[in-house]
Amino acid sequence: MAARSSGEPNDIARRLLDGEIAAGARAIRWLDDRDPRCATLLSAIYAHTGKAQIVGVTGPPGAGKSTLTDMLVSEWRGRGKRVAVIAVDPSSPFTGGAILGDRVRMARHSVDPGVFIRSLGTRGQAGGLSRSTHDAALVFDAMGYDIVVVETVGVGQDEIDVVNLAHTTIIVAVPGLGDEIQAVKAGIMEAGDIFVVNKADRDGYDATHRQMELILHLRASALPPDAPAVPLLRAVAAKGEGAAEIVDAIATHRVQLGEAGEFARQNSRRAREQVLALVRDGLLSRMIGMAADTVFEAVDTRQIDPHAAAARLLDTLAVRKVAA
Amino acid sequence: MATSYQRPLRVLLAKLGMDTHTVGVTIIGHALREAGMEVIFTGLKQTPEMVCSAAIQEDVDVVGISTLSAGHTRSLPKLARLLREAGAEDKLLVAGGVIPEEDKPVLEAAGVDRIFTMGSDTRDIVAYLNAWWKEQQSEEAA
């Protein structure tokens with residue numbers, strides 16, 4: 001029996017670039033587990049990324065994000081696209097365990113070789129995604145999937161990390177949540193590229209639609225007059241209704257991004273965000289490693305304040321400009 | 001990478017065929033989650049092909065099959081064979097539910113690593129999986 005999680009990073013990289021599913025799956029496992037082999041793996045695949053359209057699907061719990069994703073995957077497959085799905089569900093903050101159930105709604109695609117579905121737990125990360133989601137998207141991009149769907153956990157007020165990752169973000173709303181929509185409005189309503197009211201056959205659809213229309217109207221009035229209108233679409237994902245219109249809108253958005261040079265700009269913005277996030281992570285653990293217990297004790301006994309303690313730690317960094 | 005290396009056990013839980021009894025698999029799922037594992041549900045009415053494909057895509061360590069309405073002497077050996085053929089025999093294959101004594105040797109010979117029958121204590125299942133996982137990791141470190 002081969003040891004679990006075995007593999008050599010350059011070999012895994014070569015195989016995943018050839019499109020081998022097991023190799024891609026192993027790469028994502030390493031990324032998720034923060035295996036030291038990731039460094040070699042990522043440097044071997046990074047040059048092959050930057051082609052896939054990353055589509056975020058987000059919205060409150062119970063909005064039907066997984067069912068909607070399942071429906072969109074079918075539509076893309078009908079149009080000959082290869083699709084990967086990263087489905088994020090919450091990990092328990094207490095045990096670290098998780099129940100990842102998004103696949104249940106997408107089971108019909110599990111034996112289609114043109115579809116790769118991967119479930120990830122948030123593993124302590126706030127913001128609606130796992131820390132590994134960006135890198136998992138890179139793996140799928142390098143494997144040659146045309147579309148990478150990133151389905152977030154059910155979001156509340158400002159879990160909008162997906163906006164920094166996705167080229168196109170779909171906000172899924174449902175009738176009957178009323179106040180929930182007000183809540184989502186805060187961060188996400190400003191960010192979405194396509195809005196979908198799912199479960200549109202339910203009572204309250206008209207009211208929800210009107211509410212969204214109003215929000216989008218207010219948002220549009222703050223933009224230049226030639227900015228493309230943000231689509232507001234209806235869907236009944238459980239019955240497969242609305243798929244063609246949503247996939248059309250996603251394709252149109254991709255074209256708009258390309259024409260404006262925005263696709264490349266988004267890619268570079270995302271790369272920059274990722275570098276900074278990794279620096280934050282690394283810096284934090286390095287600083288924690290450097291802080292003598294006396295620093296925390298001094299704060300604890302009110303000898304120095306938290307800001308002064310942080311400044312003292314940061315002062316230990318060498319100041320020098322760094323080039324690639 | 002600067003930050004810590006963490007490896008929770010990943011477990012796929014599935015039901016094969018027309019069996020729609022979900023209480024057992026749901027309880028097991030929650031027990032494993034409480035024990036800090038990542039549990040991936042595939043849903044009901046799965047074929048061995050679907051489970052094999054999901055297990056590979058998810059790169060799970062353990063595949064757990066719950067069976068309460070027979071058919072297991074056909075579907076479980078088939079799943080074990082598919083996993084072997086896909087080069088995924090490193091995954092632990094565990095079955096639980098209503099499995100008559102006389103079926104056990106058949107399933108074990110076909111590649112099912114461990115069988116938990118009705119009345120098994122979830123703590124024993126967790127302990128068994130943790131022990132296996134520890135063994136795996138020390139093997140890898142060696």
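Modeller: With 142 residues, a compact globule would have a radius of gyration near 14 Å, and chain B comes out at 15 Å, so the two agree. The radius is taken over C-alpha atoms, and the globule rule is 2.2 Å times the number of residues to the power 0.38. This is a predicted model, where local features need pLDDT of at least 70, side-chain atom pairs count only at pLDDT 80 or more, and totals for chains, interfaces and linings use all residues. Residues are numbered from 1 along each chain as its sequence is written, while chains are lettered from A and ligands numbered from 1 in the order in which they are written.

Colleague: What pattern does chain B follow along the sequence?

Modeller: It reads β-α-β-α-β-α-β-α-β-α, with five helices and five strands in chain B. Those are DSSP runs numbered from the N terminus: helices are H or I with at least four residues, strands are E with at least two.

Colleague: How do you know what span to expect for α3(B)?

Modeller: Take 1.5 Å times one less than the number of residues. Helix α3(B), residues 72-85, has 14 residues, and its 19 Å from first C-alpha to last is close to the expected 20 Å.

Colleague: Which residues of α3(B) are called buried?

Modeller: His72(B), Ser75(B), Leu76(B), Leu79(B), Ala80(B) and Leu83(B). Buried means 20 or more other C-beta atoms within 10 Å of the residue's own, exposed means 12 or fewer, and partly exposed is in between, with C-beta atoms placed from the backbone.

Colleague: Why say that the buried residues line one face of α3(B)?

Modeller: Look down the axis: they fall within an arc of 135°, so they line one face of the helix. That arc covers the directions from the helix axis to the C-beta atoms. On the other side of α3(B), Arg74(B) and Glu85(B) are exposed.

Colleague: And what do the buried residues of α3(B) pack against?

Modeller: Against α2 (48-57), β3 (62-67), β4 (92-97) and α4 (104-110) of chain B. Contact means that C-beta atoms, placed from the backbone, lie within 7 Å.

Colleague: How many residues does each chain give to the contact between A and B?

Modeller: Chain A gives 40 residues and chain B gives 37. On the side of chain A, the largest share, seven residues, comes from α2(A).

Colleague: What makes β3(A) and β2(B) a pair?

Modeller: Pairing takes at least two DSSP bridges between strands. Here three bridges join β3(A) to β2(B), residues 38-41, and the strands run parallel. So they pair by that rule.

Methods
Contact = placed C-beta atoms within 7 Å.
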